[in-house]
Amino acid sequence: MDSHFHSWCIKPALSLCVAIFFALQLASGQQSPVNSESVIRLNQVGFYPDAPKTAIVLKDGGGTFSIQTPSNKTVFTGTLAKSVKPNFAGNSTWIVDFGAFHTPGKYVVSIPGIGSSYPFDIKRSVHKAVAAATLKAYYFMRASVPLNEKYAGKWARAAGHPDTAVLIHASAATDKRPEGMKISSRRGWYDAGDYNKYIVNSGISTSTLLSLYEDFPAYMKTVKLNIPESGNGVPDILNEVLWNLRWMLTMQDPNDGGVYHKLTNAAFDKFEMPDKATAPRYVVQKGTAATLDFAAVMAQASRIFRKFPKELPGLSDSCLKSAKGAWEWAVKNPDIAYNQDEMNKKFSPKITTGAYGDRNFNDEFIWAASELFVTTKQAQYLKAVKLIPDTNMPLPAWGQVRLLGYYTLIKNSASFGTNAPNELPELKKRLISFADDLVSGADETAYQTVMDKSTRNFHWGSNSDAANQGVALIQAYKLSNNPKYLVYALNNLDYILGRNGTGYSYVTGYGSKTPMHPHHRPSASDGIVDPVPGLLAGGPNPGMQDGVKVPSKVPDEAYIDDERAYAANEVAINWNAPMAYLANALEALQDKLKSAKKNQ
Ligand code: G3I
Ligand code: 9MR
């Protein structure tokens, strides 16, 4: 039986059983748990004992609420408060604030006349498992290697995409590397639901994970991922990052320092397991964005791996050499965009996979210069860029990396001595006012989150913006020590794990209502009901670029758990990374939430 058929067959059968179960319950006069669970929106994983705790109820009129044990014992009661603003659908919501209840245990929120929420835990380290899973997700994304049962459990699979004989595409041909020449470019993570490997998107993803380690080294050493390298003396997060970093290193042309934009098929693979997807792969045109993103990541990696000279001899030096080579290429080639449509007019085969095209490289220059400066302390890098070109503080995304540079400069500023850039005080001020702008008005929104402030947040990959807002707030906390920012970072984690316009916890396998059909080729074709765990779905996006109709076009509700819906339900390494940062950072900082107050 074809495995694709298998997954289409088992999943609906399971849904049918669930539907029959609930229909029988209704017929027997019991209150429908589906209904109450779907109108009480909360972090389905749980809460820290001493941190704020909020749930949201969608209902007409106020009333009371209680917190109950699974045996219906009431342990806390309170009154619902009306949200200042309605949700994007135009309805007021009601706020359940049970921050004053601290006792660890398993509970539900219960609303008279409605019913109970999904169950949740109150305990220390409540997000430890989901936080680790979002990192383990990268192991599941590994190319060129089999995933053994010892590490992958029921998601074990054969190796895909060896990438030992990757063709130089006509767009990338040089004298020394002519069209059709084969290079080895093994390892790396698959980008997303597809099997291609894109430098631009790998750059922000890898750096975000490196920053998670750099910002919380002590905590990250305690996070064990059960991957093949575990126990080798290098923290697992860095072991996992190395799988991609070593691939990235192969994407630099050793003859000139430029970096290929991506390693890709000509067209997207079918929905099939990675070992079945054997179409020829190419490295395509070098570009300024890819080369600068590569320079930034390698400079950052160099200073982090410098601390592991015994375990990884020579790696730090190789990374720095590659970073410098890439920077020099970009300085000589400051404006080479990856324009796939133009490229396809000139070369064949035509390449129709993800473009990650970008035309403005100011932000990539700022990021690369910042990382190179912090690693080398040589002023020349920052002198080459205009560090503060305008008043914007754009949230990081694959095409917008300026703040990654700012974060790096700010958090490493104690090491600069007389080399500190003049702009540093201004950058610090801007980070705080950016964070203040983010949190301002969040308490007035229907779901009490930063994410919920604007409909503009809901586009392709919206959940990564929720996570990246959280990362920005954690950077502001690290700079200011003001735990207020952590409360709003936690609120956005609550958003991702269920306190939102759809009631989904968007991380596969974590929560009661989670995506079962992500646009992810292995999950769709492995014949296993549960998708690969720890993957963050893209999230609400009314754009419907995939042509799959979402049940509602209200921005924060425009989501569907459908395998075909790549504009709302794909997974991607650049979305998982800020999620992993946010969840792990909050685990590391959980005790700081004790004294935290909201924005009063
Ligand atoms: O730049 C404009 C901005 O000016 C405008 O305000 C905004 C309004 O929506 O749109 C912005 O462009 C968007 C662009 O991403 C930049 O964020 C496009 O509408 C949007 O369609 C585009 O989506 C990207 C998508 O590929 C299509 O190119 C996603 O960000 C990106 O995450 C996604 O990446 C794909 C890869 O190509 C292939 N692999 C899977 C991966 C995830 O879906
Ligand atoms: O699977 C592809 C996904 O990774 C991309 O984000 C998306 C947009 O570029 O495209 C998906 O591939 C689809 C292609 O664009 C059109 N034919 C169907 C493919 C699979 O659904």
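Biologist: How far is an oxygen atom of ligand 1 from an N or O atom in the side chain of Trp460?

Modeller: The general idea is the polar contact, a pair of N or O atoms within 3.5 Å; within protein, one must be able to donate a hydrogen and the other to accept it, and residues adjacent in sequence count only if both atoms are side-chain atoms. Here, the Trp460 side chain has such an atom 3.0 Å from an oxygen of ligand 1. For Trp398 the distance is 2.9 Å, and for Tyr356 it is 3.2 Å. Of the 790 Å² of accessible area that ligand 1 has on its own, the protein covers 51% (Shrake-Rupley method, 1.4 Å probe; for residues, only the protein chains shown count as cover).

Biologist: What should I keep in mind about the model and its numbering?

Modeller: This is a predicted model, in which local features need pLDDT of at least 70 and side-chain atom pairs count only at pLDDT 80 or more, while totals for chains, interfaces and linings use all residues. Residues are numbered from 1 along each chain as its sequence is written, chains are lettered from A and ligands numbered from 1 in the order in which they are written, and side-chain values use heavy atoms, with hydrogens and water left out.

Biologist: Which residues surround ligand 2?

Modeller: A residue is near a molecule if one of its heavy atoms lies within 4 Å of it. Around ligand 2 these are Asp194, Phe268, Trp460, His519, Arg521, Tyr566 and Glu570.

Biologist: Now a helix: where does α3 bend?

Modeller: A bend is the angle between axes fitted to the seven residues ending at a residue and the seven starting there. In α3 the bend is about 30°, at Thr134. Helices are DSSP runs (H or I, at least four residues), numbered from the N terminus.

Biologist: What span should α3 have?

Modeller: The expected span is 1.5 Å times one less than the number of residues. With 13 residues (128–140), α3 should span 18 Å, and its end C-alpha atoms are 19 Å apart, which agrees.

Biologist: Is α3 mostly covered or exposed?

Modeller: Mostly covered: 11 of its 13 residues are buried (under 20% relative accessible area, 1.4 Å probe, protein chains only).

How values were computed
Helix = DSSP H or I, 4+ residues; strand = E, 2+ residues; numbered from the N terminus. Buried < 20%, exposed > 50% of the residue type's maximum accessible area, 1.4 Å probe, protein only.
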